[in-house]
Amino acid sequence: MVTSSSVPRLVVAAPSSGSGKTTVATGLMAAFAGRGLAVSPHKVGPDYIDPGYHALATGRTGRNLDAYLCGPELIGPLFAHGARGCGLAVVEGVMGLYDGAAGEGELASTAQVAKLLRAPVVLVVDASSQSRSVAALVHGFASWDPGVRVAGVILNKVGSDRHEAMLREALDASGVPVLGVLRRAPQVDTPSRHLGLVPVAERRTEAVEAVAAMAAQVRAGCDLDALFALARGAGAVPGAAWDPAEAVGSPVHGHPTRPAGRRAPVVAVAGGEAFTFSYAEHAELLTAAGAEVVTFDPLRDERLPDGTDGLVVGGGFPEVYAAELSANEPLRKSVAALAESGAPVAAECAGLLYLCRELDGRPMCGVLDARARMDERLTLGYRDAVALGDSVLAAAGTRMRGHEFHRTVVEPGAGASPAWGMHAPERRVEGFVQQGVHASYLHTHWASEPGVVRRFVERCLAS
């Protein structure tokens with residue numbers, strides 16, 4: 001058992017969103033990987049998209065560290081699990097360094113994660129509209145919380161040699177060294193739309209080029225040796241690394257009614273361009289619980305994987321691919337038939353839309369008597385939820401924390417048996433539980449409540 005993690009590590013943070021964290025963090029990952037290091041990529045918060053770029057940069061699975069969804073006590077263990085065997089870990093922050101869950105103090109902030117990981121922070125500053133004021137900004141961030149070690153600055157969007165000289169002169173007295181200077185470079189930009197960056201799966205060729213440009217910019221503008229030396233000074237993370245097998249318990253054994261040669265239930269997990277949102281730990285937990293996890297693409301596959309006993313449809317962008325998803329009628333009918341049989345189906349956000357009768361007027365699977373449509377209003381934020389009744393995922397009364405992030409509306413928003421009762425930020429019911437289906441807008445992290453995975457796999461065995 002791993003009792004601590006001494007993997008060299010850096011947290012890449014910023015004063016605010018839009019400062020260039022993703023460019024710098026991804027560029028650092030790719031640059032160090034190009035030196036032959038095994039780099040472990042991490043992202044603070046619930047974001048699903050940035051880890052795709054991180055994975056492209058490192059060749060390893062991008063992982064999230066979310067102290068709200070999983071609790072502060074799991075940050076160190078989940079980090080150690082993901083970073084096992086690596087020579088460096090780079091953690092990209094979320095929003096501004098000290099921004100966390102609304103009304104919850106430092107909870108889920110980059111600062112909290114940096115403290116839990118005993119990791120030095122490199123502050124990425126957008127210097128495009130300032131000169132001497134940069135010193136006041138950096139001093140403020142470095143001194144705000146003595147428990148956070150802001151150990152270096154990377155200046156982004158610097159306009160000229162003269163601009164750089166002015167910034168360096170101002171920062172000389174701050175005590176925080178400048179470890180990199182990046183000029184404006186449009187080739188590293190990544191396109192955005194209604195929910196942020198376009199995922200890697202939808203633009204792989206362009207994404208490869210963008211990540212290569214980020215790496216080149218970082219190599220040219222940053223002191224990689226100084227950054228690695230800083231990373232090596234991180235303290236050990238106490239405690240054992242998270243282990244999916246330990247979390248979920250012994251694998252679920254074969255059900256008495258199943259054929260003797262068929263013990264592992266097949267859990268089909270939606271993937272492809274339309275369903276790109278997932279946490280790596282979910283598949284690991286399903287496997288540890290005894291399931292055979294098989295990925296399929298709802299845009300291209302005309303039937304579910306052979307022997308499917310249960311179905312997981314996570315988040316993504318079905319609204320972008322509504323026409324293609326609708327046109328794949330054989331798969332829609334296959335999903336509807338599986339749900340009608342009573343087999344376990346877990347759907348989150350995009351999965352909820354896919355199970356509806358229609359999405360923006362286009363036929364979907366018709367599992368739920370509900371209609372979904374795009375909406376101008378962004379629904380975003382952490383949620384506290386309780387299971388209102390028994391389902392394939394949770395027993396009544398199970399409490400979980402989740403996250404909503406969508407610009408769609410489902411009407412009605414809840415079925416006769418809602419999936420969740422929300423307690424924050426407002427009281428309401430949401431989602432659908434019918435037969436073996438659990439469908440909701442709420443994104444949850446199953447590592448926080450591994451019992452839901454064991455329950456789901458047990459229901460798959462019995463279906």
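Predicted model: local features only at pLDDT ≥ 70, side-chain atom pairs only at ≥ 80, totals over all residues.
**Domains.** I started with the domain assignment of the protein, which gives residues 4-240 as domain 1 and residues 244-462 as domain 2. I then looked up the spacing of the two and found that their centres, taken over C-alpha atoms, are separated by 32 Å. For the contact itself, I noted 24 residues from domain 1 and 29 residues from domain 2.

**Buried area.** I next checked how much surface the two domains bury between them, and the value is about 2400 Å², with 65% of it on carbon and sulfur atoms.

**Polar links.** I looked for charged pairs across the interface of domain 1 and domain 2, where the rule finds two salt bridges. I also recorded the salt bridge in which the side chains of R63 and E281 meet, at 3.1 Å from N to O. When I turned to polar contacts between domain 1 and domain 2, the count came to seven residue pairs, with both residues of a pair at pLDDT 80 or more.

**The domain 1 side.** I then asked which elements supply the side of domain 1 that touches domain 2, and found that β4 (63-65), α3 (67-70) and α4 (75-83) each give at least two residues. Of the contributions to this side, that of α3 is the most, with three residues. Sorting the side of domain 1 that touches domain 2 by class, I noted 14 nonpolar residues, beside five polar and five charged ones.

Technical notes: Residues numbered from 1 in each chain as written. Heavy atoms only, no water. Domains from an automatic or database assignment. Contact = heavy atoms within 4.5 Å. Buried area = accessible area lost by both parts, 1.4 Å probe. Salt bridge = Lys/Arg side-chain N within 4 Å of Asp/Glu carboxyl O. Polar contact = N/O pair within 3.5 Å; in protein donor to acceptor, adjacent residues only side chain to side chain. Helix = DSSP H or I, 4+ residues; strand = E, 2+ residues; numbered from the N terminus. Nonpolar A, V, L, I, M, F, W, Y, C, P; charged D, E, K, R; others polar.
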